[in-house]
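Thank you all for coming.

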Amino acid sequence: MATHARGLTERAGTQTARGAESVVRVHDLVRRFGDRQILAGLDLSIGGGEFVALLGRSGSGKSTLLRALAGLDYDVAGSGEIDAPSRLSVVFQDSRLLPWQRVLDNVVLGLSGPDALAHGRESLAEVGLAGRERAWPNQLSGGEQQRVALARSLVREPELLLADEPFGSLDALTRIRMHGLLRQLCDRHKPAVLLVTHDVDEAIVLADRILIIDAGRIGVEVEVDLDSPRDPTDPRFAELRRYLLSRLGIDPCVDFRTVEQSVGASR
Ligand SMILES: Nc1ncnc2c1ncn2[C@@H]1O[C@H](COP(=O)(O)OP(=O)(O)O)[C@@H](O)[C@H]1O
Ligand SMILES: [Mg+2]
């Protein structure tokens, strides 16, 4: 069981930033594939409007957790408790746009009501794609397709946005632009967010709180106490990056115990 450096939490992953009421509550979640246990009694809380980034090594169960939260994993039912809002949207690494539908039709897919198209247009304008409503998905760049995917998820005004490496296939410059856009959209719409990423800098730039999944549970929890917009040249940014990398096993030269206290981490 984890202890928290600031004494704020009893179980890793269960703290929510600034005492916000939880909109996601996961308790003792277990998921096995055959005889392999991927989630091993995982606990997690996310507060309303809180932006949480989830890091972890490849194969550590990040997507498994996200799918369980999204209600896409029927076999996980009955193991532990999952309490997540029904108004949720999911964004994946590939945009998953329907190639035979124009951009606006993709955004409003499944929406009904007289205002659906107008809301779809507004969402496209918010992601910088006003005027591209009638384009086909394959006429857009990878970054633009992810913008459409964001518009499609936000037009539903989700209480919870689940994103699984949404910028993983974009080039570095596009990715940086998308970070700014996502932060802006989240500040405006204020969904709770769980962003799965393998990019430590992305997590620090965007998140209020960073978690690392390890051995099927939340093994590390850090509240990111840096000014916004986050500055990668800030020494505290660099310190947090080194700490997270060391906990991910990427920078073995750093003894994470020496920096744990100063970055406010728990495990
Ligand atoms: N449907 C499945 N059947 C069998 N094994 C699976 C299935 N889905 C995921 N796994 C395994 O569970 C582990 C965690 O997968 P995943 O959650 O996708 O990891 P990641 O942290 O990289 O997102 C991996 O070893 C993967 O092979
Ligand atoms: Mg994954």
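**A walk through the model**

Let me begin with Ala215, which is partly exposed, because 13 other C-beta atoms lie within 10 Å of its own; on this scale a residue is buried if 20 or more other C-beta atoms lie within 10 Å, exposed if 12 or fewer, and partly exposed in between, with the C-beta atoms placed from the backbone. Ala215 sits in the loop between β8 (209-214) and β9, and its phi is positive, about 55°, although the residue is not a glycine.

Before I go on, a word on what we are looking at. This is a predicted model, in which local features need pLDDT of at least 70 and side-chain atom pairs count only at pLDDT 80 or more, while totals for chains, interfaces and linings use all residues. Residues are numbered from 1 along each chain as its sequence is written, and chains are lettered from A and ligands numbered from 1 in the order in which they are written.

The protein chain holds eight helices and ten strands, where helices (H or I, at least four residues) and strands (E, at least two) are DSSP runs, numbered from the N terminus. Of its 267 residues, 40% count as buried.

Most residues other than glycine have a negative phi, and most peptide bonds are trans. Glu165, in the loop between β6 (160-164) and α5, has a positive phi, near 45°, and is not a glycine; Glu165 is partly exposed, with 19 other C-beta atoms within 10 Å. The peptide bond from Ser228 to Pro229 is cis, with omega near -10°, and Pro229 is found in the loop between β9 (217-223) and α7 (235-247). That loop between β9 and α7 also carries Asp231, which is exposed, since 12 other C-beta atoms lie within 10 Å.

Now to two buried leucines. Leu195, in strand β7 (residues 192-196), is buried, with 26 other C-beta atoms within 10 Å. Leaving aside neighbours within four places in sequence, Leu195 is in contact with Ala53, Leu54, Ala163, Leu206 and Ala207, and its C-alpha atom is separated by 8.1 Å from that of Leu161, 34 residues apart along the chain. Leu124, in helix α3 (residues 116-126), is buried as well, with 25 other C-beta atoms within 10 Å. Not counting residues up to four places away in sequence, Leu124 touches several residues, including Val103, Leu104, Val107 and Ala151, and Leu124 and Leu150 are 8.8 Å apart, C-alpha to C-alpha, at 26 residues apart in sequence.

How do α4 and α5 lie against each other? The axes of helix α4 (residues 142-154) and helix α5 (residues 172-189) come within 11 Å and cross at roughly 10°, which means that α4 is roughly parallel to α5. Here the axes are lines fitted to C-alpha atoms, for helices over the stretch in contact, with angles running from 0 to 180 degrees between N-to-C directions; angles under 35 degrees count as roughly parallel, over 145 as roughly antiparallel, 65 to 115 as roughly perpendicular and the rest as oblique. Gly143, Gln146, Leu150 and Leu154 of α4 make the contact with Thr174, Met178, Leu182, Leu185 and His189 of α5. By class these residues are five nonpolar, four polar and no charged, where Ala, Val, Leu, Ile, Met, Phe, Trp, Tyr, Cys and Pro count as nonpolar, Asp, Glu, Lys and Arg as charged, and the others, Gly among them, as polar.

Last, the ligand. Which residues are around ligand 1? They are Phe33, Ile38, Gly56, Ser58, Gly59, Ser60, Gly61, Lys62, Ser63 and Thr64, a residue being near a molecule if its C-beta atom, placed from the backbone, lies within 6 Å of it. The shell around ligand 1 has two nonpolar, seven polar and one charged residues, and helix α1 (residues 62-70) gives the most to that shell, with three residues.

How values were computed: Contact = placed C-beta atoms within 7 Å.
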